[in-house]
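These are my notebook entries on a structure that was new to me.

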Amino acid sequence: PSVAIEFLPAVFLPQILFSGFFIPPDLMPEWLAWIRWICPLTYGVKIVVANEFTGRCDATSPPYPDFCEQVMDNVQTEEENIWWYFMVL
């Protein structure tokens, strides 16, 4: 068990960095951007973002009207592809 715990950062850190949650895919170097598609956390983040921000913002939503759309664009989430994200997981 202790060996597995020692390897956890090597498994989870790339997933956290490349899932799009902290670093938007547009800001990733092109030669590293492909890694996000093999990380399961990428699809989990897309599902959570789609669930949280789809249809919840209107013209009076703080901090500004198109906040939800910007968050979904930042993570590159499309609500019509949510079934794909579930299938991958």
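**Entry 1, one residue.** I began with Y43, which lies in helix 2; helices here are DSSP runs of H or I with at least four residues, and strands are runs of E with at least two, numbered from the N terminus. The model is a predicted one, in which local features need pLDDT of at least 70 and side-chain atom pairs count only at pLDDT 80 or more, while totals for chains, interfaces and linings use all residues. Residues are numbered from 1 along each chain as its sequence is written, and side-chain values use heavy atoms, with hydrogens and water left out.

Is Y43 buried or exposed? I found Y43 buried, because its relative accessible area is 5%, and buried means under 20%, exposed over 50% and partly exposed in between, with a 1.4 Å probe and protein chains only. Setting aside neighbours within four places in sequence, I listed W37, W84, Y85, V88 and L89 as the contacts of Y43, where contact means heavy atoms within 4.5 Å. For V88, which is 45 residues from Y43 along the chain, I noted a C-alpha separation of 7.3 Å.

I counted four helices and zero strands in the protein, and its C-alpha trace spans about 50 × 25 × 20 Å along the principal axes. Of the 89 residues, 28% count as buried. Among contacts with a separation of 6 or more, 52% come from residues 24 or more positions apart.

After helix 1 comes G20, with a positive phi near 95 degrees.

I located I23 in the loop between helix 1 and helix 2 (40-53). Why does I23 count as partly exposed? I23 is partly exposed because its relative accessible area is 31%.
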